[in-house]
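Subject: Structure for you to look at, with notes

Dear colleague,

I am passing on the structure we spoke about, and below it you will find my notes on what turned up when I went through it. Please read them with the model open beside you.

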Amino acid sequence: MPAGRTTLSEYLSQQTAEHQSLNPDLSKLILEIAKAVQEIALLTSQGALEGVMGSLESQNVQGETQKKLDVLSDEILIQTFQSGNLVAGIASEENDEPLSNPKGGSFLCLFDPLDGSSNIDVNVSVGTIFSILSSPSNTKPAVSDYLQMGRQQIAAGYAIYGPATMLVFSLGYGTHGFTFDAISGEFILTHPTIQVPADTSEFAINASNERFWEPPVSRYINECKQGKTSVRGRDFNMRWIASMVADVHRILMRGGVFMYPKDTKDPTKPGRLRLMYEANPMTFLVEQAGGLGSTGRQRILDVQPESIHQRIPVILGSKNEVERIESYHREYDRAEH
Ligand code: AHG
Ligand code: MN
Ligand code: MN
């Protein structure tokens, strides 16, 4: 390996030596996840060659049709954790109930095995998102054990299966990115200490939902669209990949604001994205990189979860933009009540 390249395992050993408070088993767990991610990356890259594209007849607990790759990725992660003794409990977007690990462990792992799965069949980037909590009980954790606030996460991360496969995670000491080198079979530290710029001229939102948004969100987006001719005084650019992993990855690389806000499209759902599998881990990473995550009215990491599959509005990214959107919500709420 060329000099100066830090592999994932070297980086993890350094971190464990440097930070006394880090549980050494956390490094082992990240390495387990990295292995699973390599398997999922291989499957996604083989696409139609492996017959892994397309949908199944089944629906997940959220009433969404499952893609073959959703289920295969889920199985890979579950098998990884259940064959080790690090993770006591596993909660996945694809499973109704959390699963326990007969071998026990000191962590809980919550994940979205395949994020952005509507992009699989069109060969656009997808990813895996994970959140790690400390497990109050070594075996058979109760559902209530998972309902910890986002700020209690001890680590979080994602893998992105894009032109390059990357693993981006935080152990609570900054957010760092590793690129998979298929030649050496190693993840290499390529993006140390990622920083999200506080200001941005780029936003990401599914604009087809515009008529269902709340006024503060419409106000913000309209100002961005009006650009130089609005109070913003500069033009904005828009991107929407429909893979949260890919949209948030772009924001970690160059700034921006990602929004899946509260809307009235389906009044039974307070948001599209899931608190435990998407909002919390992605906010942890963005905040560890100097950005901010909010529902518009509350810091995401301070939300007390009520159920593991709970949905929530998400506004995430460059700090000054997220604070501006929060201020629009405050102004609106004050005027209304
Ligand atoms: P998943 O594939 O895990 O269900 O998540 C998809 C999510 C997220 O990745 C993305 O930002 C959003 O749904 C896209 O939603 P729209 O199709 O409404 O744009
Ligand atoms: Mn998802
Ligand atoms: Mn998913």
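Two strands are taken to pair if DSSP finds at least two bridges between them. Please keep in mind throughout that this is a predicted model.

On that basis, 8 strands form an open sheet with mixed pairing, and their order across the sheet is β4-β3-β5-β6-β7-β8-β9-β10. The edges are taken by β4 (99–100) and β10 (186–191), each of which has a single partner strand, so one side of each is left without a neighbour in the sheet. Within the sheet, strand β5 (residues 107–115) and strand β6 (residues 126–134) run antiparallel and are joined by 7 bridges, and in this pairing Cys109 stands opposite Ile132 in β6. Helix α2 (residues 24–46) packs on the sheet, where it touches β3 (87–92), β5, β6, β7 (155–161), β8 (165–170), β9 (175–181) and β10, and its direction makes about 160° with that of β6. Helix α6 (residues 244–254) also packs on the sheet, touching β5, β6, β7, β8 and β10, with a direction that makes about 105° with that of β7.

Distant parts of the chain are linked here, since Asp115 is in strand β5 and Glu278 is in helix α7 (residues 275–288), 163 residues apart. Asp115 counts as buried at 4% relative accessibility, and Glu278 counts as buried at 1%; the cut-off for buried is under 20% relative accessible area.

The manganese ion (ligand 3) is coordinated by Glu93 (OE), Asp112 (OD) and Leu114 (O), at 2.2 to 2.3 Å, with the donor residues spaced E-x18-D-x1-L in sequence. Here too the chain is brought together from distant parts, with Glu93 in the loop between β3 and β4 and Leu114 in strand β5, 21 residues apart. Glu93 is buried, with a relative accessible area of 3%, and Leu114 is buried as well, with a relative accessible area of 1%.

How far apart are the manganese ion (ligand 2) and the manganese ion (ligand 3), and which residue coordinates both? They are 3.8 Å apart, and the residue that coordinates both is Asp112.

Ligand 1 is surrounded by 18 residues, of which the closest are Asp115, Gly116, Asn206, Met244 and Tyr260. A polar side-chain atom of Tyr260 lies 2.5 Å from an oxygen atom of ligand 1.

Lastly, Pro113 lies in strand β5 and counts as buried at 0% relative accessibility. Leaving aside residues up to four places away in sequence, Pro113 touches a set of residues that includes Ile40, Asp70, Leu77, Glu93 and Thr128. The C-alpha atoms of Pro113 and Phe130 are separated by 8.0 Å, with the two residues 17 residues apart along the chain.

Technical notes. Residues are numbered from 1 along each chain as its sequence is written. Chains are lettered from A and ligands numbered from 1 in the order in which they are written. This is a predicted model: local features need pLDDT of at least 70, side-chain atom pairs count only at pLDDT 80 or more; totals for chains, interfaces and linings use all residues. Side-chain values use heavy atoms; hydrogens and water are left out. Helices (H or I, at least four residues) and strands (E, at least two) are DSSP runs, numbered from the N terminus. Contact means heavy atoms within 4.5 Å. Axes are lines fitted to C-alpha atoms, for helices over the stretch in contact, and angles run from 0 to 180 degrees between N-to-C directions. Donors are N, O and S atoms within 2.8 Å of the metal (3.2 Å for Na, K and Ca); water is not among the atoms, so sites may look incomplete. Buried means under 20% relative accessible area, exposed over 50%, partly exposed in between (1.4 Å probe, protein chains only). A residue is near a molecule or strand if one of its heavy atoms lies within 4 Å of it. A polar contact is a pair of N or O atoms within 3.5 Å; within protein, one must be able to donate a hydrogen and the other to accept it, and residues adjacent in sequence count only if both atoms are side-chain atoms.
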